Structure formats: structure tokens, C-alpha cells
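This report describes how two protein chains meet in a predicted model. It begins with the charged contact and then turns to the interface and the nonpolar cores.

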Amino acid sequence: MPDVPHNGAYMVAAYIVTAVILLGYALSLYRRANKP
Amino acid sequence: MCPPPGRRCSPWGWWDSALIVKDLRFDRFAAASAEVGTAFSLVMLTTGPIWAKPIWGTWWTWDARLTLTLFLFFLFIGYLLLRGAVVEPGLRARYSAVLGICGLVLLPFIHLSVYLFRTLHPQPIVLKPSSPSLPGSMLVTLLVSFAVFTLLYVGFVTQRYALALQREAQGREHA
């Protein structure tokens, strides 16, 4: 099994932050488009 | 240079006629891009420090590129606030275009900041006159990411543009 890079946890955190921001924006677009 | 009779004479002179082509499609596109740009800037300003902590040993430093990028983010926020504050569409498009041009002027400074100031950021390793000095695997990863984020940008802007059209149609119905 390859060694985990020393900044592995930071990488995962960055992926999560990116996903939260972009999915949040996509959700806001969806909600605004479907607002009655 | 003043517009024809019946339209207001603007202090912007020639720039006014170039600035506003009286086509709200450009305004919608700019507004959509600004909103997506704000989201992308937020990603950059949050993931950058997460990367910097283990590599540079600090979350944030007030170096030229970081500070200018933060300024660009605030400019995006200001742009969106301005659009929310002006109700009349023509006036909103004009004011927004002026602020948009100010933001555009900032971009070369961000790119060239590593030449102009001493910063923690390295000199360009891809966008430079000689060939990229990046390992092949990293360059491929960078280019794939660039393509994916460009597609994401196009998708978001298309959706946001459609939303603006939908709102305008609803506005006309309620008028």
C-alpha cells in the first residue's frame, strides 16, 4: 500500500470544501429556478 | 459625444456608446459570470490556504497575489451588491459594466504580481515564453482540471443566464 502523503488530510479537506461550495451554488441555482 | 435627441447626454462620452451596446444579453452574461466567478473565487480563497498550511507553514500571508485575489473577490461581491441595489435595468447594466471593467483591469496585475513584487508564489511555470517546467503528470492533471472547471463554468453560466431570462419573463407578466 503506498504511503499516504503528509498533506493527505489537507487534500481531503480541500476536496470537501470545494464540493460544498460548488454543490451549494448548484443547489441555490436549482432552488431559484423552481421558486414559484 | 452625445447620444441622439431623446436620450440622455452622458459624462462617459464615447465610452458610453462602446460600454453599453444597449443589448441586455451582455449584461445578463456578465451578471451570470460574476456570480459563478464569486463561487470559484471562494473555492480558490479557501482551498489555497488549506494547501498552503502544510507546504508554506501558514494559512495566509499578505503577499501581493493573495491580497489582489482577495480584492478581486470583494470586487465580485461589490458587483453583485450593486446589481441588487439598482432597480432600473438600463442604469444597472451601465453601472455594472463600469465596475466589471475595473475588475478586468485587475486581472493582469494578479498574473504579473509575481514579477512586480516579492511574493511566496513562484514565477510562472506554465504560462511563460519557454516550455512549461512542470512534470508531465502534473501538467496533464492541471490541463484536465482546467478543462473540467471550464465546462463547469459554462454549465453554471448557462443555467444562471436561463434563470435571468425566466425572472425577466415573470417580471413582464406581473407588470
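Between chain B and chain A, the count is 1 salt bridge. The side chains of B:Glu35 and A:Arg32 form this kind of link, at 2.7 Å from N to O. Polar contact, with both partners at pLDDT 80 or more, is counted for 3 residue pairs between chain B and chain A.

On the side of chain B that touches chain A, α2 (24-56) and α5 (136-174) each contribute at least two residues. The greatest contribution is that of α2(B), with 12 residues. The composition of this side by class is as follows.

| Class | Residues on the side of chain B that touches chain A |
|---|---|
| Nonpolar | 13 residues |
| Polar | 5 residues |

In terms of contact, 22 residues of chain B meet 15 residues of chain A. The two chains bury about 1,500 Å² between them, and 75% of that area is on carbon and sulfur atoms. B:Ile50, B:Pro54 and B:Phe156 supply 30% of the area that chain B buries against chain A, more than any other three residues.

The largest nonpolar core has 11 residues, among them A:Leu22, A:Tyr25, A:Leu29, B:Val36 and B:Phe156. To this core, α1 (8-33) of chain A and both α2 and α5 of chain B each supply at least two residues. Leaving aside neighbours within four places in sequence, B:Phe156 is in contact with A:Leu22, A:Tyr25, A:Ala26, A:Leu29, B:Val36 and B:Phe40.

Definitions and conventions
Residues are numbered from 1 along each chain as its sequence is written. Chains are lettered from A and ligands numbered from 1 in the order in which they are written. This is a predicted model: local features need pLDDT of at least 70, side-chain atom pairs count only at pLDDT 80 or more; totals for chains, interfaces and linings use all residues. Side-chain values use heavy atoms; hydrogens and water are left out. Contact means heavy atoms within 4.5 Å. Buried area is the accessible area (1.4 Å probe) that two parts lose on being put together, summed over both. A salt bridge is a side-chain nitrogen of Lys or Arg within 4 Å of a carboxyl oxygen of Asp or Glu. A polar contact is a pair of N or O atoms within 3.5 Å; within protein, one must be able to donate a hydrogen and the other to accept it, and residues adjacent in sequence count only if both atoms are side-chain atoms. Helices (H or I, at least four residues) and strands (E, at least two) are DSSP runs, numbered from the N terminus. Ala, Val, Leu, Ile, Met, Phe, Trp, Tyr, Cys and Pro count as nonpolar, Asp, Glu, Lys and Arg as charged, and the others, Gly among them, as polar. A nonpolar core is a set of buried Ala, Val, Leu, Ile, Met, Phe, Trp, Tyr and Cys residues joined through side-chain atoms within 4.5 Å. Buried means under 20% relative accessible area, exposed over 50%, partly exposed in between (1.4 Å probe, protein chains only).
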